[in-house]
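Dear colleague,

I am handing over the structure below, and my notes on what was found in it follow directly after.

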Amino acid sequence: MSAPRAEVRASSIFIALLRRDMRVARRELPFFLLRTTLQPLMFVIVFGYLLPRMGFMGRGYTTALLPGVLAISLTFSSIQSVALPMVQDFGWTKEIEDRLLAPIPISLVAAEKIVAGVLQGIVSALFVLPVARLIMGPIPNLTFAHFGDVLLITILGAAAFSSLGLFLGTAIQPQQIGLMFGVILAPMIFFGCAYYPWQGLSMVPVMKYAVLINPLVYVAEGMRAALTPASPHMPLAVVVAALVVITAIFWMLGMRSFMKRAVG
Amino acid sequence: MRALRKVYKGTGKAKRGGSTHSARWAPPGAGSPPVNDVVALDSLDLDIRAGEFFGLLGPNGAGKTTAIGILTTRILPTSGKATVAGADVVEDSARVRQTIGVVPQRPNADLSLNVLENLQFHAAYFGISFDVATKRAYELLERLGLADKAGSKMSEMSGGQQQRLMIVRALMHEPDIIFLDEPTVGLDPQARLDLWEILRDLHKRGRTIVMTTHYMDEADRLCDRLAIVDRGKLLALDTPRTLKSKAPGGTLIELVLDGDSAPAGVIAETIAGISRVEAANGLLRVHSSRGGQTLPALIEAAESSGRTVTDIHLLQPSLETLFVSLTGRKLG
């Protein structure tokens, strides 16, 4: 009899944890959007607006760019919204101690962080999509007919990056957090097929297969499959399968690393 | 009973098993632990009773925080067993967390939330509704003298206020047992006295309190029973009064010499009223049944051995002299 009651309680505590993160996120929304969308949007201004007008870029480039920019904003938002608080909480403020003393399994505290990261990724992507479309003007082949697919890729991509964020935030020493941006995020973004379609890499076969370890590739290609299906992209099924596997791997690594930090 | 060896080996371990609201530390598993690790706790065996104000007294590095960490499910014991209110701290950690409130060594409030929100969300993490939590938060803030701080951010609170907030937070879910880890470190004297009052009041209201401290007077005045620990071992366990009565009789006198103290020690043993002579590393430590009256003879003993006395300390019989006699070093 007590078992089902305990279950209800765990879920209500999970919601309380989520509510806390949402309240804090709502308060910091302008800063959050600035932090996670400014860079992709600046890229949109230069490569999606200025260069095409100068004649350096074909107008069709925006077709490849828009889904990629969405994927990048997801990367920034989901990784950061999980990793940065983790680094801070475990590194010096110890704020999370309070939540680690909640009467639920500690893994749920980590799972909640991932869910919060997914929600923030979705907010960031939903913000970037219309703004980028506005800046770039009409985009050849763009369709919102498969919005369900867009949402699916957004959620899966955000889950993969949030799990990665959990892993990075708990595995990296606070002093080395700068490295996360330089050594992990930057290469991921430049070699993530966000600024060019994966098929374009056929010119450099080694690279075409090397980049497959990069989760961003699947998110960017998935966005292409959903938003600009008439242009070259990976099959949606491949993308979904890859993202599920990647999320599972990062989830496991992240959980293990979190537990190590959470329980001495 | 004496754990004077300064051995750094093995892994941290602690355990306790116990009855309701209480804890017992069983001996750790046999076998030698890996070399080079610090033994934070070494077969500590304790039983804390329900409703008791229990103190873990020891110097920094004695293993107190590790002990509290294990009992509050934040640290896994290497071996052994501990239960809190009948629940195993490893197997049944969520249930343990339900019955305990924890006041950390350093305030760790949620910096993104204000005082009231901190309390509301803490309660929510225990399944308590915001309405109930808000009412309770105001009551507790009032009781602990923080009524006007409900809307404040952490940066607007003094260290003492933040520490009191940690106590309010620990009480929000009405736990039976409260753990406090060196709660008065870094507080000014007045804040410290205020905190003592709060703790006494909580104890009067029937809460079991487990507190670590390295302040003798704090342990002496607050606790029903005290465990003196050092280097992970339990050295003594009793009421402060009984412990004090166990303190070696007479005044503890320490003379710091400018060189080897062994020859002076030999002479000191012949002085009337002097017992328990320890001489090592330029330190001459004796117990004097005639208080400071033996000082001239002691100084003479030092000088006749060719040494100069550079410093002198006298300690009256107290927990401190007991501690020194147990561990060979001072607390602070």
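In chain B, β5(B) pairs with strand β6 (residues 208-213) in the parallel sense, over five bridges, and within that pairing B:I178 has B:I209 as its bridge partner in β6(B). Please keep in mind throughout that this is a predicted model. Strand β4 (residues 100-103) of chain B also runs parallel to β5(B), to which four bridges join it, and here B:V102 is partnered by B:F179.

Strand β5 itself, residues 177-181 of chain B, is mostly covered, with five of its five residues buried. From this strand B:I177, B:F179 and B:D181 point one way, whereas B:I178 and B:L180 point the other way, and all are buried.

Turning to chain A, helix α3 covers residues 61-93, and its 33 residues should span 48 Å at 1.5 Å a residue, which agrees with the 45 Å between its end C-alpha atoms. Because 28 of its 33 residues are buried, α3(A) is largely enclosed by the rest of the structure. Just after α3(A), the residue A:K94 adopts a positive phi of about 60 degrees.

Finally, there is a nonpolar patch on the surface, formed by A:I45, A:V46, A:Y49, A:L50, A:M54 and A:F56, which together have about 550 Å² of accessible area. One of these, A:Y49, lies in helix α2 (residues 29-54) of chain A, and A:Y49 counts as partly exposed because its relative accessibility is 33%, between the cut-offs of 20% and 50%.

With best regards

Terms used
Residues are numbered from 1 along each chain as its sequence is written. Chains are lettered from A and ligands numbered from 1 in the order in which they are written. This is a predicted model: local features need pLDDT of at least 70, side-chain atom pairs count only at pLDDT 80 or more; totals for chains, interfaces and linings use all residues. Side-chain values use heavy atoms; hydrogens and water are left out. Patches are made of residues with over 30% relative accessible area and no salt bridge: like charges are joined within 9 Å, nonpolar side chains (Val, Leu, Ile, Met, Phe, Trp, Tyr) within 5 Å. Accessible areas come from the Shrake-Rupley method with a 1.4 Å probe; for residues, only the protein chains shown count as cover. A salt bridge is a side-chain nitrogen of Lys or Arg within 4 Å of a carboxyl oxygen of Asp or Glu. Helices (H or I, at least four residues) and strands (E, at least two) are DSSP runs, numbered from the N terminus. Buried means under 20% relative accessible area, exposed over 50%, partly exposed in between (1.4 Å probe, protein chains only). The expected span of a helix is 1.5 Å times one less than its number of residues. Two strands pair if DSSP finds at least two bridges between them.
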